[in-house]
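Please have a look at the sequence and the structure first.

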Amino acid sequence: MMSQEINLHGDIYFGDVKGNIPHGVGRYTWSDGTVYDGNWEDGKMSGRGQISWSSGTIYEGEFSGGYLHGFGTLTNPDGSVYKGSWRLNIQNGLGRKQYSNSDIYDGCWKDGVHEGSGKYAWSNGNMYIGNWKGGKMCGRGVMKWLNGDLFDGSWSNGHRHGSGVYRFVDGSYYFGTWTKGLKDGQGTFYAAGRKCASFRKFDRKKGLITDGSTARSERFRDLERNVGRSLSEKISFNGFFRDSGRISSRRLPPEEDYSFGDSTREFSTSGKTDMLSYISDEEESELDDDSTVAWEREYMQGVLMKERVKSKVGLSSKNKQQNKFHANEVKKKSCVDIFEGHKSYYLMLNLQLGIRYTVGKITPVPMREVRSSDFGERARIRMYFPRKGSQFTPPHYSIDFSWKDYCPMVFRNLREMFKLDAAEYMMSICGDDGLRELSSPGKSGSIFYLSHDDSFVIKTLRKSELKVLLKMLPSYYDHVKKYDNTLITKFFGLHEITLRGGKKVRFIVMGNMFKTELRIHRRYDLKGSCQGRITNKDHIDEGTTLKDLDLAYEFRMDKSLREALFDQIRLDCNFLESQQVIDYSLLLGLHFRAPEHLKALLEPPGAKLGCGAPVSDGSTSGDLSIPPSGLLLVTHEPSSVNTAPGPHIRGSTLRAFSVGDKEVDLLLPGTGRLRVQLGVNMPAQANRKVSQDTTSSAEVELFEVYDVVLYLGIIDILQDYSVRKKIEHACKSVRYDPMSISVADPKFYSKRFINFLEKVFPVDLGTSNMMQDSFIT
């Protein structure tokens with residue numbers, strides 16, 4: 001190897017060569033003034049070196065194959081400096097960037113943007129420490145503002161989104177939930193100087209939403225300020241470089257306080273950081289329990305809807321134990337220890353191992369139509385998972401177990417039919433973030449797990465439910481294949497784990513129908529019966545699933561939307577009746593839109609002051625107007641909405657009578673545009689009777705009227721009308737009205753179910769006119 005000078009079309013290289021190409025140490029000067037000094041390998045920059053562009057940008061660090069690759073420092077002429085890891089010309093890994101305006105980000109990068117754990121300090125004194133995704137705050141994180149307010153909780157797409165705690169500089173606290181940066185749902189506010197335990201002592205699911213200590217101070221705190229910026233530097237050099245080092249704009253309004261460390265060393269790079277919920281004992285305000293006062297409030301998209309003072313809410317030792325702020329879900333005691341001391345945590349690990357194995361095994365098999373041999377108890381994959389691993393299974397940290405996957409080809413085809421990607425399905429359930437255990441909303445005592453992205457619910461089954469599903473599966477497969485818009489629960493996998501000693505746990509994987517773009521404010525489980533179908537008022541919180549007698553609303557819908565809904569409900573009920581299934585429910589989720597005024601009192605459809613007389617709002621008799629600022633149906637534009645399939649979404653876009661029987665989207669002013677499908681993003685008007693006014697000439701009923709978005713589906717379809725249920729029906733019929741009890745003959749159950757829902761979603765002569773007036777845009 002020898003040093004020599006090479007002239008290539010105006011470019012000049014001087015240094016070591018091999019053959020006639022740069023190899024070793026040398027200096028390359030391009031005709032535009034760009035200069036590289038450093039190591040070369042086979043004609044490419046490799047090893048350590050420094051390159052300076054004619055623009056003034058300088059990089060010093062490691063190269064590989066002609067790319068910035070490894071560790072290095074990039075200095076731009078505007079004064080911004082990045083020091084950290086690179087991969088193929090893009091920031092990737094750990095790195096620190098100081099921007100030209102003195103903002104500093106220190107943490108993880110991926111593909112040129114913030115991804116993972118990191119700390120961002122703005123030049124104005126604001127600071128965020130937490131998780132990032134795609135250049136935006138996402139996941140768990142702590143934001144502290146210069147004024148001393150601090151927020152610790154969940155973020156999404158740069159906004160507060162989910163459960164969190166906001167501490168004001170005066171020492172008051174707000175525990176609750178947010179949606180896209182706005183308070184949304186229930187919450188509790190503790191005024192300054194009142195007793196408030198550390199953040200980790202409050203449960204996110206039961207955290208109630210509130211704000212400020214006085215009307216004046218709260219209005220001031222509710223003025224959310226935007227702190228954001230957007231930077232994008234593009235380094236170009238003969239095609240070597242792509243976009244690099246972006247920070248997406250984000251809304252960062254102040255609301256509460258936390259304590260921060262000085263460096264990202266305080267973070268676990270896995271993002272699972274309990275540190276984020278820490279607050280020192282010195283920061284707690286202590287008063288006697290008797291003097292503690294709190295305000296319970298409910299918000300809708302940032303608008304305060306309800307408020308009540310809750311006095312003497314000091315936390316007893318029992319309440320402190322119950323109200324730990326450590327997760328979104330409350331674990332049911334009976335579900336913690338399973339089968340002679342085996343923790344449900346091990347069941348979760350076993351479930352993930354088994355699903356990863358069987359989905360990975362069946363996915364490469366070529367697609368084909370299912371056969372009769374693919375159904376039934378004998379159509380299964382079996383595997384033993386010893387802790388030390390085997391020829392076919394990896395080692396793991398759980399207990400030894402046997403795995404059984406029922407009807408793998410059938411469920412593989414169902415996942416394809418429901419447009420689920422196998423890799424995304426496995427990552428959702430089997431990813432490093434794990435599953436979350438939920439408390440059972442019913443009497444079954446089943447364990448419920450929720451995937452980390454909320455897409456899938458996994459429920460334990462009784463042996464009788466397993467038999468019903470296996471018997472029903474061929475007909476279920478044909479039904480969901482024939483009817484894209486079916487409201488029946490989507491099933492994605494049926495599994496069984498056998499623990500040491502022979503104990504068996506059976507699981508079903510289902511789509512989560514409340515994986516929605518809008519927050520669910522109320523949820524109801526509706527069967528159409530009334531005996532025992534009411535919830536104890538003392539046990540109701542934001543996450544409670546209410547029952548038939550708790551429902552005080554009627555829902556008015558577009559004529560075509562309602563017809564499509566009931567056409568499918570009848571088809572689904574006929575199917576369940578044919579399978580001798582009972583005890584199923586309509587799971588109904590309500591998203592309330594914040595009204596212009598906190599209460600809108602209008603006359604109901606059909607209220608008449610006189611023959612042909614107009615009602616007070618100026619509409620014709622029988623009309624009920626939905627304020628156009630609340631919900632708008634517009635012609636469907638696929639490019640303007642999210643058309644990706646979801647765990648509960650598969651059907652076509654619905655048509656609306658009010659828009660000329662065209663496919664429609666739901667436009668939510670100030671929020672977004674959503675595709676309307678059966679059971680998903682369905683607009684309606686919720687009416688609740690609040691009083692009755694009697695005049696000399698007429699009787700007028702007054703209603704509260706809310707714009708709502710509905711999410712619904714038919715669940716719990718694995719109970720057949722067995723001998724045990726027939727005996728239960730006979731016994732209860734002696735004590736109660738046979739028409740009112742839940743257990744009933746499948747034919748009668750189906751008829752009663754539909755009749756009840758027709759009352760919940762009534763239709764009248766004014767509906768079509770109402771929808772035309774309200775929805776056409």
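This is a predicted model: local features need pLDDT of at least 70, side-chain atom pairs count only at pLDDT 80 or more; totals for chains, interfaces and linings use all residues.

**Around Ser-455**

Let me begin with Ser-455, which, if we leave aside its neighbours within four places in sequence, is in contact with Ser-428, Met-510, Gly-511, Asn-512, Lys-515 and Pro-647, where contact means heavy atoms within 4.5 Å. Residues are numbered from 1 along each chain as its sequence is written, and side-chain values use heavy atoms, with hydrogens and water left out.

Ser-455 sits in the loop between β28 (448-451) and β29 (456-461); helices (H or I, at least four residues) and strands (E, at least two) are DSSP runs, numbered from the N terminus. Is this serine, Ser-455, buried or exposed? Ser-455 is buried, with a relative accessible area of 8%, and by buried I mean under 20% relative accessible area, by exposed over 50%, and by partly exposed anything in between, with a 1.4 Å probe and protein chains only. In space, Ser-455 lies 7.6 Å from Gly-646, C-alpha to C-alpha, although 191 residues separate the two in sequence.

**The protein as a whole**

Stepping back, the protein has 10 helices and 44 strands, and buried residues make up 53% of its 777 residues. Among the contacts between residues at least 6 apart in sequence, 57% join residues at least 24 apart.

**Two backbone angles**

Most residues other than glycine have a negative phi, and with that in mind I would point you to two residues. Lys-180, in the loop between β16 (173-179) and β17 (182-183), has a positive phi of about 50° although it is not a glycine, and Lys-180 is partly exposed, with a relative accessible area of 43%. Asn-681, in the loop between β41 (672-675) and β42 (682-694), also has a positive phi, near 55°, but Asn-681 counts as buried, at 4% relative accessibility.

**Salt bridges**

A search of the whole structure finds 23 salt bridges, each defined as a side-chain nitrogen of Lys or Arg within 4 Å of a carboxyl oxygen of Asp or Glu. One of them joins Arg-506 and Glu-496 at 3.3 Å, N to O; Arg-506 is in strand β31 (residues 504-511) and Glu-496 in strand β30 (residues 491-499), 10 residues apart. Both Arg-506 and Glu-496 are buried, and together with Lys-404 they are linked in a network of salt bridges.

Arg-570 deserves a careful look too, as it forms a salt bridge with Asp-567, the closest N and O atoms being 4.0 Å apart. Why are these two separated by about one helical turn? It is because Arg-570 and Asp-567 are 3 residues apart in helix α7 (residues 559-578). Arg-570 also forms a salt bridge with Glu-758, where the closest N and O atoms are 2.8 Å apart. Glu-758 lies in helix α9 (residues 746-760) and Arg-570 in helix α7, so this pair ties together parts that are 188 residues apart in sequence. As for accessibility, Arg-570 is partly exposed at 32%, Asp-567 is partly exposed at 47%, and Glu-758 counts as partly exposed at 27%.
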